[in-house]
Amino acid sequence: EDALKIEEVVSWLWEAEKTARRRLRVVALAGDAMREASEEMLASSVPVLAGGVGRTFSRLTGGRYDTVEVREGDLSMSVYSPEKGEMIPAEELLSTLSKGTASQLYLSARLELVGLLSAGRRPPLIFDDSFSYFDDARLEALWAELEEIAREQQVLLFTCTDRYDRLAGGVNAIDLPPGP
């Protein structure tokens, strides 16, 4: 009787193992398919992203930097430096570019990623004191870019400073009193 119970348990375990192995194969195949689809999508999107980031970064930097490369594997960026005559690798960007220029680069990347990921839909862009490293010249270039974007989608900028007041002609500005 004990041998019969053990045989039933072994039989049940054998079937459970076969089912688990089938599920594992399905999950592995699905994972492989998703990785392949992701790689294909990145392969086609990365050049578009790099071109868009380069154009936006060029506008924000007054044409100083216009070539950006994006690595497929991790989407890290490298920038061509005309002063150095070579690409600044991703690992050296923060130590080579000023904080303001690096902020312009990452803003360019975020704007282009929103465009790619939203697939033609125009979600509102919300910024909350995002430009603290921008000097007046950078802020003016940014403002021109945001005004262009605002022609097609909503742009909301929250700030606790008056830095934008001189630029804000023609926009809907709401001044809130300090809280209690």
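A pocket here is an open set of points, on a 1 Å grid over the protein atoms alone, with protein on both sides within 12 Å along at least five of seven lines, and its lining residues have an atom within 4 Å of a point; a volume is the space filled by probe spheres (1.4 Å) set on the points. The model is a predicted one, in which local features need pLDDT of at least 70 and side-chain atom pairs pLDDT 80 or more, while totals for linings use all residues. Residues are numbered from 1 along each chain, and side-chain values use heavy atoms, without hydrogens or water.

The second largest pocket holds about 390 Å³ of space, and among its 17 lining residues Leu111, Glu112, Arg122, Ile149 and Gln153 are closest to its centre. Two or more lining residues come from each of α1 (2-60), α3 (99-118) and α4, helices being DSSP runs of H or I with at least four residues, and α3 gives the most, with five.

The axes of α3 and α4, lines fitted to C-alpha atoms over the stretch in contact, come within 11 Å and cross at roughly 10 degrees. Because angles under 35 degrees count as roughly parallel, α3 and α4 are therefore roughly parallel to each other. Their contact (heavy atoms within 4.5 Å) joins Gly100, Thr101, Gln104, Leu107 and Leu111 of α3 with Arg138, Leu142 and Ile149 of α4.

The largest pocket, with about 870 Å³ of space, is lined by 23 residues, and Leu157, Phe158, Asn172, Ala173 and Ile174 lie nearest its centre.

Technical notes: Axes are lines fitted to C-alpha atoms, for helices over the stretch in contact, and angles run from 0 to 180 degrees between N-to-C directions. Angles under 35 degrees count as roughly parallel, over 145 as roughly antiparallel, 65 to 115 as roughly perpendicular and the rest as oblique.
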